[in-house]
Amino acid sequence: MARVVVDVMLKPEILDPQGQAVQRALPRLGFEGIADVRQGKRFELEVEGPVDEAALARIHQAAETFLANTVIEDFVVRVEEGQ
Amino acid sequence: MTARVGVVTFPGSLDDRDALRAVKLAGAEPVALWHRDTDLHQVDAVVLPGGFSYGDYLRAGAISRFSPVMETIIEQAKAGMPVLGICNGFQVLTESHLLPGAMLRNNHLHFVCKDQKLRVENNTTAWTSDYAQGQEIMIPLKNMDGRFTADRRTIDELEAEGRVVFRYLDGNPNGSIDDIAGITNAAGNVVGLMPHPEHAVEPLIGTGGTDGTGFFTSIIKRLVNA
């Protein structure tokens, strides 16, 4: 089965307090030099059958209408190679 | 004529019983609706209650938006049926695109539970006609994802058209843009807000006041006069 990954991130202009909290914690743990952190979501979809253009178009539609809220989030769909 | 006001129960709804009770106290006939219903049982208006529908697992309101009952509600709301979304219900309305914008995690990342002062900025909607323009009311607020946001163009449009219905007073509890607590669609039949009017309808519970009753008496007047 092929895996398609959908990465969903808050749009750059949207404040991400969760990412900020992570960023603030890093130096306390000794991880210096991280200027910014943005937290997002990753969906791994195990696809039955071939991942052709039609299948990718369906997944793109699912991402746009459901997995991401495009008012506040951007998404990227990609096929994971080497399965 | 008695107005029939439906309240939807999704898996994970918390305030559906309180909303049904508020409808009854105001003098309308409360009708329990189930998330799997495709038929709205001849209700004249619908309340989407607070809670964590479908666990809010994807985003608040994102999964409920595709439930069978919502398909019918979205269609009817576009045709003019009054819909009130409270807290999680507001989140469902933005996810349904019946209202613009989106809801995000509170900017301080804490759950908020407090009595919140609001200003009624628009008393011409289906759900706010029993308030005075500019009236200050006290309503409980309890949520994790209450930070209303939209792009600047949308906000400017909402402000210009008087579609900001409620604004937070005495401090912004969640980082929402322009202190916005609630908005309406262009027609004024769909209203969403984060605070909970159904918890402020009896002196014994909630704020100890009845500032929330006006939502439910407003809709009755609207429906009976329709």
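In this predicted model, Arg4(B) has Glu29(B) as its bridge partner in strand S2(B). That pair belongs to a parallel pairing: S1(B) and S2(B) are joined by six bridges. Strands of a sheet pair through backbone hydrogen bonds, and the sense is either parallel or antiparallel.

S1, residues 4-9 of chain B, also pairs with S3, residues 45-48 of chain B. These two strands run parallel as well, with three bridges between them. Look at Val7(B): opposite this residue, in S3(B), stands Val47(B).

Together, S1(B), H1(B) and S2(B) form a β-α-β unit, and the unit is right-handed.

Step back to the whole sheet. Nine strands of chain B build an open sheet with mixed pairing. Their order is S2-S1-S3-S4-S11-S10-S9-S6-S7. Which strands lie at the edges? They are S2 (29-34) and S7 (136-143) of chain B, each of which pairs on one side only. From one strand to the next, the twist averages 25°. In a regular strand the side chains alternate between the two faces of the sheet.

Last comes the contact between the chains. Chain B contributes 10 residues and chain A contributes eight residues. On the side of chain B that touches chain A, four residues are nonpolar, three are polar and three are charged.

Definitions and conventions:
Residues numbered from 1 in each chain as written. Chains lettered and ligands numbered in written order. Predicted model: local features only at pLDDT ≥ 70, side-chain atom pairs only at ≥ 80, totals over all residues. Contact = placed C-beta atoms within 7 Å. Nonpolar A, V, L, I, M, F, W, Y, C, P; charged D, E, K, R; others polar. Pairing = 2+ DSSP bridges. Helix = DSSP H or I, 4+ residues; strand = E, 2+ residues; numbered from the N terminus. Axes fitted to C-alpha atoms, helices over the stretch in contact; angles between N-to-C directions. Right-handed = clockwise from strand over helix to strand, strands pointing away.
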